[in-house]
Structures are given as C-alpha cells and as structure tokens.
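The sequence and structure come first.

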Amino acid sequence: MLITLLLFLLSAITIYRACEYFVNGIEWVGHHFRLSQSATGSLLAALGTALPECIVTLTALLMGQAPAQQQLGIGAALGGLLVLATLGYGAIGLLLCMSPTHRIMDRAVLRGTARDQAWFIGIFLLAVLLGTLAFPGKAWLASLFVLVYLAYVRRELRQIDRHEAPLPEPLRLDPHARIPTLGKVQLQTLTALMAMALAAQLFVHQLESLGELAGLSPVLAALLLSPVATEMPELMNVLLWVRQGKYRLALANVSGAMMIQGTIPKAFCLLFTPWLLDDVMMASSLVTLLAVVILWWGFRREWMTAGRLALAGLFYLGFCGWLIAS
C-alpha cells in the first residue's frame, strides 16, 4: 500500500514536470511552423496528450477478445471523453475564477470553441447511435471516424490568428536563445512527451491498484479511475496554460483532445469489438453529450463565463455518485 502511494505521487509529479517542458516546447513547435494558437492547442498539444488514452484503449482491446476485456477498452474510450467534457472544462473555469484578469473570455475564442463542440456532438452522437445497433459490416464505419478527424485537422490548419501572438516563454532547453533552433525544440518536446507517456502509464497502474484496494470493479475502474489518470496530461496542460494567461490554448487543447478521442479510439472499438453499449456505458455517453450540448449552447450564445464553465465539473461528480450508488 505504501509503495503504491509513493509511486502514485511520484508519477503525478513526473507528469506535471514533463507537461511543463511539453507545453513550452509545443508552443515553439507551433511558432516554427507558423500555426495559429488554436491549431497548436487542438492539434499538436492534443495529439501528444491524447496518446496515453489511445494507448490504454488499444492495449485493452488487443490483449484479448474476451467480452470483459472488450468492455474495459470501451469503458476507457468513453470515460476519457466524460472526464474531458466535465473535469477538463470545469478545471479551466475554476482556474479562470481564481484569475481576476481573465474571467471574461474573448468572443472569438467562445465562437471557435462552439464550432469545436459542434463537430464533437455530431460524431459522438453517431458513435452512441451505433452503440445501440448490431448489423453486418459495422466495422467498416471505423474509416468514417478517421476521415472526420482528418477533416477536422484540415479545418484547424486553415485557422489564422486575428492578432499576432507573442513569443512563447524561453525554451527550457535553451533559455538564452530568443528564437531556439527547431532541433532543440523538437528534442525537448519529444523527450517530455515520452516522459509524460511513461509516467501516465505508471499513474494508471497505481490508480488501478488503489481501486482494487478500495473494492472497485474493473468496469468502475475503467469508467472512473483510468480516464482520470490518462487525462492527467490534458489537465496539467490546462493548469499550466491558464496560469500563464493562455486560456485560448487551454480550451483548444481540451476540445482538440475530445475530437481525437471521439474518433480514433472509436475507430479502434468498431474494428475490434461489436461496439454495443451496456446501460452504464450508455449513461456515461448521455452525460457526456448533455454536458457538451450545454457547453456548446453557452459558447455559441457567448453566455459562457468562468463561473458557469466551472460548473461543468458537477456533471462528473453527479455521474460518479449515481454509479457508486447504483
């Protein structure tokens, strides 16, 4: 028990420190390739931080064809989206509430986030509907989810910043250079990404061990504990970017990660499982959809404030309470 707790804390600290280097490096990658802040957060950062979740889902699906193992893979794929749609956005709102100079979000950022949510609602609603149906050739629809993500990538790459973005903070690997070389930027970013992925895997295993000690079933662990662990990089990025006043990057990171996890892991599930959702997984999906629809409406109407965004975390707490009580 003591060793598990020590490894749990060590992996969490390692994730945080690796994320500091990763977000610093990924901003410079975006600068070198002249990407907008939206594309940097939703594509580059999200792709890196979504890797642990994709790896956990794919590993669970490939470890065996037993129904229980398949359920764990599906649960991990759905649980990550629930965490991002609730705790991810809720954390941004809560952190913004603590920052008196950034409580009011820019209208362009609100509209851009609403567009991201509209994309996600469409593809996730299709995934949920497919989870209620069984028919021959269902696996072929996996390609559709991949194509949707590629279309999203194309859209993001065409985005441009309305105002010239300031230079990122000095590269940690080369703090004295005003514009660090691309080689050093890539070295720092990839090294931090590898450290982050390894620490996230260790964090997942320790959290699962704590879940077993607490008497949680494998499905509960897949829906509640594992997603929180694998989404730690996104949550750490949110903390770091909002602390620096870069809430646009934080929002883009969460919305971009949701698009990746709403498409690529779902393609894995369609390929390797019948993709049929049980009652608990359907409840998780519906809570995710409800949270995102409300967020989309608030962003689209430019009604969303830091305080209202922070309330998104209540959806996750409510779902956890219902799941544990049932």
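The expected span of a helix is 1.5 Å times one less than its number of residues. The model discussed here is predicted. Helix 9 covers residues 247–261, 15 residues in total, and its first and last C-alpha atoms lie 21 Å apart, close to the 21 Å expected at 1.5 Å a residue. Of these 15 residues, 14 are buried, so helix 9 is largely enclosed by the rest of the structure.

Another part of the model shows how two helices pack. Helix 1 and helix 8 have axes 9 Å apart, at an angle of about 60°. The crossing of helix 1 past helix 8 is right-handed. Residues of both helices make the contact, as listed here.

| Helix | Residue range | Contact residues |
|---|---|---|
| Helix 1 | residues 2–32 | Ala12, Ile15, Tyr16, Cys19, Glu20, Phe22, Val23, Ile26, Glu27 |
| Helix 8 | residues 232–243 | Met232, Pro233, Met236, Asn237, Leu239, Leu240, Trp241, Arg243 |

Sorted by class, this contact of helix 1 with helix 8 has 13 nonpolar residues, one polar residue and three charged residues.

Is Leu147 buried or exposed? This residue belongs to helix 5, residues 142–157. The cut-off for exposed is over 50% relative accessible area. Leu147 has 55% relative accessibility and therefore counts as exposed. Leu147 and Thr263 are 116 residues apart along the chain, and their C-alpha atoms are separated by 8.9 Å.

Technical notes
Residues are numbered from 1 along each chain as its sequence is written. This is a predicted model: local features need pLDDT of at least 70, side-chain atom pairs count only at pLDDT 80 or more; totals for chains, interfaces and linings use all residues. Side-chain values use heavy atoms; hydrogens and water are left out. Axes are lines fitted to C-alpha atoms, for helices over the stretch in contact, and angles run from 0 to 180 degrees between N-to-C directions. Helices (H or I, at least four residues) and strands (E, at least two) are DSSP runs, numbered from the N terminus. A crossing is left-handed if the near helix is turned anticlockwise from the far one by less than a right angle, and right-handed if clockwise. Contact means heavy atoms within 4.5 Å. Ala, Val, Leu, Ile, Met, Phe, Trp, Tyr, Cys and Pro count as nonpolar, Asp, Glu, Lys and Arg as charged, and the others, Gly among them, as polar. Buried means under 20% relative accessible area, exposed over 50%, partly exposed in between (1.4 Å probe, protein chains only).
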